[in-house]
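Student: Could you please take a close look at the salt bridges here, and explain where the paired residues sit and what surrounds them?

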Amino acid sequence: MLRVDVTKQLGEFSIEASFASEGRVTGLFGASGAGKTSLINMIAGLLAPDRGKISLDGDVLDDTEKTIHLPAYRRRIGYVFQDARLFPHLSVRANLDYGRRMNGLAFDPAQLTRITELLDIGHLLDRRPGKLSGGERQRVALGRALLAKPRLLLLDEPLGALDESRRAEILPYLIRMRDEARIPMVFVSHDAAEMRQLATQIVMLKHGRVTSFGGVKVLSG
Amino acid sequence: MLDITPTEWTAILLSLRVAAVATLMATPVGIALAWLLARRDFWGKSLLDALVHLPLVLPPVVTGYLLLLAFGRRGPLGAVLADYLGIVFAFRWTGAALACGVMSFPLLVRPIRLSIEAVDHRLEQAAETLGAAPWRVFATVTLPLSLPGVLAGMVLGFAKAIGEFGATITFVSNIPGETQTISSAIYSLIQTPEGDTAALRLVIVSIVIAVTALIGAEWFARRATQRLHGN
């Protein structure tokens with residue numbers, strides 16, 4: 001269960017959002033500029049709310065009244081950015097292994113095989129990120145986030161930087177991840193079709209406010 | 001003409017040693033300060049920035065004299081270091097290294113700072129979400145990506161340290177075999193009758209060292225661009 005109840009002033013723009021979701025994939029839907037990225041940056045711990053609370057499965061991540069702000073590196077919340085953000089100086093293999101090393105987890109070859117097969121990136125392991133296509137990069141970024149064994153996975157328009165054919169290439173992987181990886185996800189998009197295919201619960205965001213919340217049918221409402 | 005005499009060799013080797021020690025000692029401090037200036041906001045940041053650049057704009061003789069006041073045998077820092085740690089700077093080669101380290105510090109810090117600033121902050125955020133504490137973000141992402149800049153800074157600092165003259169001669173004088181570097185040896189030779197040929201030899205040596213260092217810095221800078229593009 002992810003509970004978010006926050007306010008944040010960002011220059012002229014303000015966010016006042018509150019929702020709780022138990023869905024496997026919570027879709028954060030809204031036009032660009034609705035505050036989607038700022039909101040998941042707060043869930044990730046990269047941005048601190050001015051006021052409010054964020055909790056995950058009962059663990060408090062942020063509580064401004066008690067001055068609690070758990071730093072991002074201690075949240076175990078994975079984040080797949082729109083622009084992949086692979087480490088350019090590391091091979092694909094080292095990129096995938098990064099989260100495991102930082103969290104002091106034991107090396108798990110079976111898990112590595114499972115994830116690389118799920119995302120079809122086994123043949124890329126010895127390459128440098130600079131030599132990958134956009135779609136390959138995004139798949140490696142998905143694998144890197146999953147292999148850190150997160151409690152929640154944030155996906156910020158993971159298809160946004162890709163062209164039409166690449167989107168069609170990645171979307172099935174996201175659906176497989178939803179059905180096989182068993183990690184709850186928050187999926188951010190402004191594309192209603194993607195939302196329908198992936199999300200199980202929708203949070204509609206407009207000008208920093210939640211306008212509606214519910215099943216996929218709110219998209220047509 | 002390039003028959004280098006033992007005295008000249010002594011000066012050349014001493015210069016190399018002084019510059020190497022100065023660079024190696026200044027680098028960790030330089031990296032820490034460069035990171036602070038590039039990535040943190042704090043009270044007195046402009047003051048610290050100005051302080052780092054001070055040796056670049058002060059007359060070297062002033063820097064040397066300030067070092068003498070502070071680190072001389074009776075200076076507040078010099079006395080403490082000598083009494084408790086047995087480290088003496090005054091009129092020793094170690095003092096020459098200190099003077100060179102201070103004088104070359106602005107040149108060392110600048111490329112490091114620029115390359116840390118050039119590291120994409122979004123990569124550091126990605127590392128954080130993968131569980132890396134701030135110091136590990138620095139060690140595994142920021143530092144490796146700015147390493148070519150660090151090396152370029154070290155090369156520039158080394159080149160500056162090799163050529164340093166004013167602060168060194170003010171602080172530790174010009175003692176053959178102890179504090180007489182290439183620059184102060186040239187200075188002595190020019191003041192000696194018949195010293196011209198020997199001076200010219202050392203001039204050629206210092207040109208060779210400086211040009212090598214500049215080419216090295218250029219090479220490292222090119223590597224930096226390649227590395228940041230992930231090739």
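Tutor: In this predicted model, Lys36(A) counts as buried because its relative accessibility is 5%, and the limit for a buried residue is under 20%. Glu157(A) is buried as well, with a relative accessible area of 10%. These two residues form a salt bridge, in which the closest N and O atoms are 3.7 Å apart. The pair joins distant parts of the chain: Lys36(A) belongs to helix H1 (residues 36-44) of chain A, while Glu157(A) lies in the loop between S8 and H5 of chain A, 121 residues apart. The general idea behind such a pair is that side chains of opposite charge can pair when their charged atoms come close.

Helix H5 of chain A covers residues 164-180, and its 17 residues should span 24 Å at 1.5 Å a residue; the end C-alpha atoms are 25 Å apart, which agrees. Ile170(A), Leu171(A), Tyr173(A), Leu174(A), Met177(A) and Arg178(A) are buried in H5(A). Their cover includes strands S3 (25-29), S8 (152-156) and S9 (185-189), together with helices H3 (109-119), H4 (134-147) and H6 (192-198) of chain A. After H5(A) comes Arg182(A), which has a positive phi, near 55°.

Apart from its neighbours within four places in sequence, Leu174(A) is in contact with Leu142(A), Leu155(A), Pro158(A), Leu159(A), Met185(A), Phe187(A) and Leu198(A). Arg76(A), by comparison, is 98 residues from Leu174(A) in sequence and 20 Å from it in space, C-alpha to C-alpha.

The side chains of Arg201(B) and Glu8(B) meet in a salt bridge of 3.0 Å, N to O. Here too distant parts of the chain are linked, since Arg201(B) is in helix H10 of chain B and Glu8(B) is in helix H1 of chain B, 193 residues apart. Both residues of this pair are buried. For Glu8(B), the relative accessible area is 7%, which means that the residue is buried. Helix H1 of chain B, where Glu8(B) is placed, runs over residues 6-39. Besides Arg201(B), Glu8(B) touches Asp3(B), Ala198(B) and Leu202(B), not counting residues up to four places away in sequence.

Of the 231 residues of chain B, 46% count as buried. Among the contacts in chain B between residues at least 6 apart in sequence, 71% join residues at least 24 apart. Along its principal axes, the C-alpha trace of chain B spans about 70 × 45 × 30 Å.

The next pair crosses between the chains. The side chains of Asp83(A) and Arg122(B) meet in a salt bridge of 2.7 Å, N to O. Asp83(A) lies in the loop between strand S7 (77-80) and helix H2 (92-102) of chain A, and Arg122(B) is in helix H6 of chain B. Asp83(A) counts as partly exposed because its relative accessibility is 34%. Arg122(B) is likewise partly exposed, with a relative accessible area of 38%.

What else is found where the two chains touch? In all, 23 residues of chain B are in contact with 23 residues of chain A. The two chains bury about 2100 Å² between them, and 62% of it is on carbon and sulfur atoms. The rule finds one salt bridge across this interface, and it finds six residue pairs in polar contact. On the side of chain B that touches chain A, the elements that give two or more residues are helix H6 (121-129), helix H7 (134-163) and helix H10 (196-228). By class, that side has twelve nonpolar, seven polar and four charged residues.

To place these pairs in the whole, a search of the entire structure finds 18 salt bridges over all chains. Those discussed above include the buried pair Arg201(B) and Glu8(B), and the pair of Asp83(A) and Arg122(B), which meets between the chains.

Key:
Residues numbered from 1 in each chain as written. Chains lettered and ligands numbered in written order. Predicted model: local features only at pLDDT ≥ 70, side-chain atom pairs only at ≥ 80, totals over all residues. Heavy atoms only, no water. Helix = DSSP H or I, 4+ residues; strand = E, 2+ residues; numbered from the N terminus. Expected span 1.5 Å × (residues − 1). Buried < 20%, exposed > 50% of the residue type's maximum accessible area, 1.4 Å probe, protein only. Contact = heavy atoms within 4.5 Å. Buried area = accessible area lost by both parts, 1.4 Å probe. Salt bridge = Lys/Arg side-chain N within 4 Å of Asp/Glu carboxyl O. Polar contact = N/O pair within 3.5 Å; in protein donor to acceptor, adjacent residues only side chain to side chain. Nonpolar A, V, L, I, M, F, W, Y, C, P; charged D, E, K, R; others polar.
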